[in-house]
Amino acid sequence: TTTTTTTIPPHIRREADGAKLLLVTLLSNKIRREYLRLVSAPEHAFLARRVYEELVSALLILGGFDADNGNGNASNGGDVKSLLGACCSAAVAVAVRSPGVMAMQQIPPHPQLRMQQTILRGAPSNQGIIELVQSCKASIAAHLGVPLPPQRPTPTVIANSFAPNVALRLLGHIPEEVQSRTDWTCADMDAVLQIPSADHRAGAGGSAANAALETIHLALTGYASIGVTDGASASPSLESRDEWLCESLKTLSKWTEGCKAITLSQLHETLSATPTTSPPNDINNRVPPSLLTQLLSLLSAQSHQKQWSTALHAQNSLIHSSRALAAAISNTGDYGTSSRRAAASLLLSSLPPPVEFLRHPLSLSQSQHWEDAIVALSDLAATLAREEMDDVATCRMVGSTDLVELLLSLQSHPVHAVAVPVLEAWLTLQDVPTSERHPDLASPLYGRLVEVILKRVAYPPSFVSWEEELDVDEADFEEMRRLATDVLVGA
């Protein structure tokens, strides 16, 4: 993966890169099956280290190619992004199965990987994950020129500096790879992402989940404050900045979906851990907004001020932001706390103008026909209503009625995947006794809701048979009728 040849015909390069991708994919599968046995046998310790060394070496080189070539389809041949993704997956598969990923020294100009020491016996089961997260954080901080608080030198910390695109992708693979451990229970999977590292008291970063959130926050704050640079004076292209933002949001969504410990409160309280005594620039000398505030700005009228390089980046930012926030709302480990109520209140109160949380991106997505974004935004709106129904039903929080009106409009949306998630919100509302609801959320609301649903479950006026029907999918239609039954019965 590390050799560039310009004289080989393009079709030969494509075949070679396809072969590399297949080999790395097969290696990933073999790691998942056999690495635990390999790493636990002293006689195979050297081979276990070599596997990781080769993957790191490939990531260091491929990260540079991907950053240089933008879309990954440049003259060096092949789809660099696909090969990079496969190498990231394989490297994370090692980290998740290692009792302490082998420590590396700083990579010299021509990568010569050297080991500081062998695998540490008795390291905690999540040590390999924490080391990789810390390495990703250090790589992004170095790229942005942000000094991190000093930590006690330890041979269990990876010292390599990955390209930021590589660091974000490595970070994003971790939750899914943890869930691939068939030898772990669900409790084990939650624990390895939530328990602190062995060196937590020495300032090594706490749990993997906390370190991951800090890293993503650093990436988003760096994007917003100083953009993506190579550490020199060169300015990044608008497209590379948008790639950075979307990759950061995608990584956040993977962590909120894969780690129950990342709650709405935690997004609201996550602030930068960078020092304020560093050289003068925005990211180091002002308090950056929380992750929740940054997501809110992307999902409200504030995003109208953003200039996007492509429509695809604009759409992806809405999709990943919505999924990340919906998953955090669904993680209810903080339910009933004052911090969660404060975060929910912030979201609900942002629905009316001028902020127009959810409303503005929905309007934009409708005008641009971004169906995937509309589906993600609908799921977010329904999730917010469902999980915060105790306050929404009583309309104690500003914006509650705005959310209900938004759900009614989404319920009547012609796209099946947009309307279906909203049905669950009405069922949750029905669990609240009418005597405890705001008067407007009893008979007046359900009179309108029944009318909307009956229109959705009625056969099209021109319907003759499903063989001749072109506008409505039979499976979607039957599913809507089935799911709407409980709502209509309760109404």
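Which residues form one aromatic cluster with Tyr459? The members to select are Tyr459, Phe463, Trp466 and Phe477. The model on display is predicted, and its chain averages a pLDDT of 82, with 80% of the residues scoring at least 70.

**The aromatic cluster**

Begin with Tyr459 and Phe477. Their ring centres are 4.8 Å apart and their planes meet at 45°; the pair is therefore tilted. This pair connects distant parts of the chain, 18 residues apart: Tyr459 lies in the loop between helix 19 (443–457) and helix 20 (474–490), whereas Phe477 belongs to helix 20. With a surface displayed, Tyr459 is partly exposed at a relative accessible area of 41%, while Phe477 is buried at 5% relative accessibility.

Next, select Phe463 and Trp466. Here the aromatic pair is edge-to-face, with 4.9 Å from centre to centre and 65° between the planes. Phe463 is partly exposed, at 24% relative accessibility. Trp466 has 18% relative accessibility; because buried means under 20%, this residue counts as buried. The structure as a whole holds five aromatic pairs.

**Charges over rings**

Move to Trp184 and display Arg181, which lies over the face of the tryptophan at 3.7 Å from the ring centre. Then select Trp308: Lys306 lies over its face, 4.1 Å from the ring centre.

Finally, colour the chain by pLDDT. Over residues 71–78 the value is below 50, and this stretch has 17 contacts in the model beyond near neighbours in sequence. Residues 272–285 also stay under 50, and the model has 30 contacts for them beyond four places in sequence.

Key. Residues numbered from 1 in each chain as written. Predicted model: local features only at pLDDT ≥ 70, side-chain atom pairs only at ≥ 80, totals over all residues. Heavy atoms only, no water. pLDDT = per-residue confidence, 0-100. Contact = heavy atoms within 4.5 Å. Phe/Tyr/Trp six-rings, centres within 6.5 Å; stacked < 30°, edge-to-face > 60°. Helix = DSSP H or I, 4+ residues; strand = E, 2+ residues; numbered from the N terminus. Buried < 20%, exposed > 50% of the residue type's maximum accessible area, 1.4 Å probe, protein only. Lys NZ or Arg CZ within 6 Å of the ring centre and 35° of its normal.
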